[in-house]
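Subject: Structure for you to look at

Dear colleague,

Here is the structure I said I would pass on. Please open it first and then read the notes below it.

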Amino acid sequence: MPTRRSEGDLAQLGETFNKMTQELRTQRDDIVRARDLIDSRRRFTEAVLAGASAGVIGVDAESCISILNRSAERLIGSTEAEALGRQLTDIVPELEDIFTAARSGLQRLVQGQVTINRNGRERNLSVRVTSEQSSAAEGGYVVTLDDITELVAAQRTSQARPASPSRTCQV
């Protein structure tokens, strides 16, 4: 709205209106840029989680599952649709001790091993529970699962084998 100086109060009102309109436009543009950046980061995070070989489970402050990647689905025997919004320990009761230790808040990282049986198959998992760094009183958690079944089997096999006698050479 173009204004002329001689219009007095009306001119000042027009100038104020134009400034407010420009500020609103600038704020809107900033919000759109921030939203686009968040969307880009979300897509990147989803791609990383989808491609990760480790199982990754996001858990909110109420202990409910909020994220579950494909590797975690395979390891725990539940689909994302079955697990989302449900208590972690209802879906994977084997994690109760480790998750309780993480919730105690004494350490930012708690790790251990569990054995789970799903679909007739026993698996040994290395588990890491990391608390989310958040300004909120209580944030969420990231649970990482690595299948170490073959490693544990190899260790058991090597421990079960008798050591071969050492041979020395005569000179």
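The notes below start with the chain as a whole and then move to single residues.

This is a predicted model, in which local features need pLDDT of at least 70, side-chain atom pairs count only at pLDDT 80 or more, and totals for chains, interfaces and linings use all residues. Residues are numbered from 1 along each chain as its sequence is written, and side-chain values use heavy atoms, with hydrogens and water left out.

Confidence

The pLDDT is the predictor's confidence in each residue, from 0 to 100. Its average over the chain is 85, and 86% of the residues score at least 70. Among the elements of the chain, the highest mean pLDDT belongs to helix H4 (residues 88-91), at 96, and the lowest to helix H6 (residues 149-160), at 82. Where pLDDT is low, the predicted coordinates should not be read in detail.

Overall make-up

The chain has six helices and five strands. Helices (H or I, at least four residues) and strands (E, at least two) are DSSP runs, numbered from the N terminus. In sequence order the pattern is α-β-β-α-α-α-α-β-β-β-α. Of the 171 residues in the chain, 27% are buried; buried means under 20% relative accessible area, exposed over 50%, and partly exposed in between, with a 1.4 Å probe and protein chains only. A contact means heavy atoms within 4.5 Å. Of the contacts in the chain with a separation of 6 or more, 35% are between residues 24 or more positions apart.

The sheet

The five strands form an open sheet in the order E2-E1-E5-E4-E3, with antiparallel pairing. Its edge strands are E2 (65-68) and E3 (109-118), each of which pairs on one side only. From one strand to the next the twist averages 25°. Two strands pair if DSSP finds at least two bridges between them; E3 and strand E4 (residues 121-131) run antiparallel and are joined by 10 bridges. Along this pairing, Thr115 stands opposite Asn124 in E4, and Arg118 stands opposite Arg121 in E4.

The hairpin of E3 and E4 has two residues between the strands, and Asn119 takes a positive phi near 50° there. Asn119 is exposed, with a relative accessible area of 78%.

Helix H5 (residues 96-103) lies across strand E1 (55-59), E3, E4 and strand E5 (141-147), and runs at about 160° to E3. Axes are lines fitted to C-alpha atoms, for helices over the stretch in contact, and angles run from 0 to 180 degrees between N-to-C directions.

A search of the whole structure finds one aromatic pair. Phe99 and Tyr141 form this pair, which is edge-to-face, with 5.2 Å centre to centre and 75° between the planes. Because Phe99 lies in helix H5 and Tyr141 in strand E5, the pair ties together parts that are 42 residues apart in sequence. Rings of Phe, Tyr and Trp (its six-membered ring) pair if their centres lie within 6.5 Å; planes under 30 degrees apart count as stacked, over 60 as edge-to-face and the rest as tilted. Both Phe99 and Tyr141 are buried.

Ser63

Ser63 is found in the loop between E1 and E2. This residue has a positive phi of about 70° although it is not a glycine. Ser63 counts as buried because its relative accessibility is 7%. Leaving aside neighbours within four places in sequence, Ser63 is in contact with Arg86, Gln87, Leu88, Phe99 and Arg103.

Arg123

Arg123 is in strand E4 and counts as buried, at 11% relative accessibility. Its side chain reaches the backbone oxygen of Arg74 at 3.1 Å. The side chain of Arg123 also makes a polar contact with the side chain of Asp147, at 3.4 Å. A polar contact is a pair of N or O atoms within 3.5 Å; within protein, one must be able to donate a hydrogen and the other to accept it, and residues adjacent in sequence count only if both atoms are side-chain atoms. Not counting residues up to four places away in sequence, Arg123 touches Arg74, Leu75, Val114, Thr115, Ile116, Asp147 and Thr149.

Regards
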